[in-house]
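Hi,

Here is the structure I said I would pass on.

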Amino acid sequence: MKVLGIETSCDETAASVVDDALHVHSSVIESSIDQHRAFGGVVPELAGRAHVATIGPVVRRALEEAGLDPHAPALDAIAVTSGPGLIGSLLVGLSAAKAYSLAWQIPFVGVNHLEGHLFAPLLEQPDLDWPVLTLLVSGGHSVLVLQSGPGEHEVLGETIDDAAGEAYDKVARWLGLGYPGGPEIDRLAREGTAGKLKLPMSMTGDDLDFSFSGLKTAVVRATEKNRDVALADVAASFQAAVAEQLMRKMRAALARYDVRGIALAGGVAANSRLREEIAALGHEFGVEVHVPTMAMCTDNAAMIAAAGLYRLRVSGPSSLALSARPNWPLVDVA
Ligand code: KG4
Ligand code: ZN
């Protein structure tokens, strides 16, 4: 069984062909990020227009790279992100999926973008041992999830304000760095010393929720007060504080739940400090660590195809009346 995945929830236009053994035959990603940089964030109108221009060529390339005839591909279904995300962007992918479904006479299924991210580690390690505790951190979301199997997930905690990636982007903007801020801060932090800027510990209670808005404000206050502190030291201190909070909550969850592995997912999973710390945490608790490659951490369509394969099996195809859901929390995914 072969599925075409389509992802257009934010600024990436992506298409991928994946089979039911979770073998990735192609994965094409185009991003409109260069159009958004000057604005310091994704401009929904520009993202939507870019998807309209790119979706056809991206799907065609994904089919060709998978060795399929782009006019009559030997596919069994289409999986498309139907939420959460930017409404105008989601609608481009969803409309394309419906059109291909009609033209090629194959079913399609709407996929939750966050559930897609949860399938990313599986694409690189299909035989991983369950249950797995997954930290899903991106520009729009920060959730701690207990996965008892593929597609079986329980949200243990989530951010009460900003997402981790959003905090990275806002702090980077304050520091005058480029967008997206995560990679910029990560790079700069390598030249700095963590702890040079004193930042408060947030969310020290025993719940498993996160908060990053206070940390962002603390960086602003501390740098206003202490104008001589080096930018690299600010970056290193902020990055360490984010990782410290995320790891503290994972440690608390590991003390409560018996799992075989821990995993990172989402764009912030590309963070070098977080990758180091999760490896150390896995070693400390004697559990396997699943950290996807950078390409699989950030938005892609292979993870959507993988989640779609699962959803088709357990929930069946979607109807042509399916609407995009810009706000679709993971807890509502049945
Ligand atoms: O998952 P993703 O590609 O898109 C969303 O669904 O949000 O995540 C993008 C986010 C951005 O906020 C970006 O700043 C952050 O991931 N990011 C990073 C790094 N690379 C990307 N954050 C910290 N360190 C990085 N190396
Ligand atoms: Zn994402």
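This is a predicted model: local features need pLDDT of at least 70, side-chain atom pairs count only at pLDDT 80 or more; totals for chains, interfaces and linings use all residues.

How are the donor residues of the zinc ion (ligand 2) spaced in sequence? The pattern is H-x3-H-x181-D.

Residues are numbered from 1 along each chain as its sequence is written, chains are lettered from A and ligands numbered from 1 in the order in which they are written, and side-chain values use heavy atoms, with hydrogens and water left out.

Back to the zinc ion (ligand 2): its protein donors are H113 (NE2), H117 (NE2) and D299 (OD), at 2.1 to 2.2 Å (donors being N, O and S atoms within 2.8 Å of the metal, or 3.2 Å for Na, K and Ca). The angles among the four donor atoms run from 93 to 151 degrees, and the site comes out as irregular (four donors count as tetrahedral if all angles lie between 85 and 135 degrees; four count as square planar and six as octahedral if opposite donors are over 155 degrees apart and all others between 65 and 115; anything else is irregular). H113 and D299 are both buried (under 20% relative accessible area, with a 1.4 Å probe and protein chains only).

Now the N-terminal strands (DSSP runs of E, at least two residues; helices are H or I runs of at least four). Strand β2 (residues 12–19) has eight of its eight residues buried. E12, A14, S16 and V18 point one way from β2, while T13, A15, V17 and D19 point the other way.

β2 pairs on both counts listed here (pairing takes at least two DSSP bridges between two strands):

- Strand β1 (residues 2–7) runs antiparallel to β2, joined by six bridges. K2 stands opposite D19, and a hairpin of four residues connects β1 to β2.
- Strand β3 (residues 24–31) is also antiparallel to β2, with seven bridges. I29 in β3 is the bridge partner of A14. Four residues lie between β2 and β3 in their hairpin, and L22 in that turn has a positive phi of about 65 degrees.

Over to you!

Methods. Buried means under 20% relative accessible area, exposed over 50%, partly exposed in between (1.4 Å probe, protein chains only).
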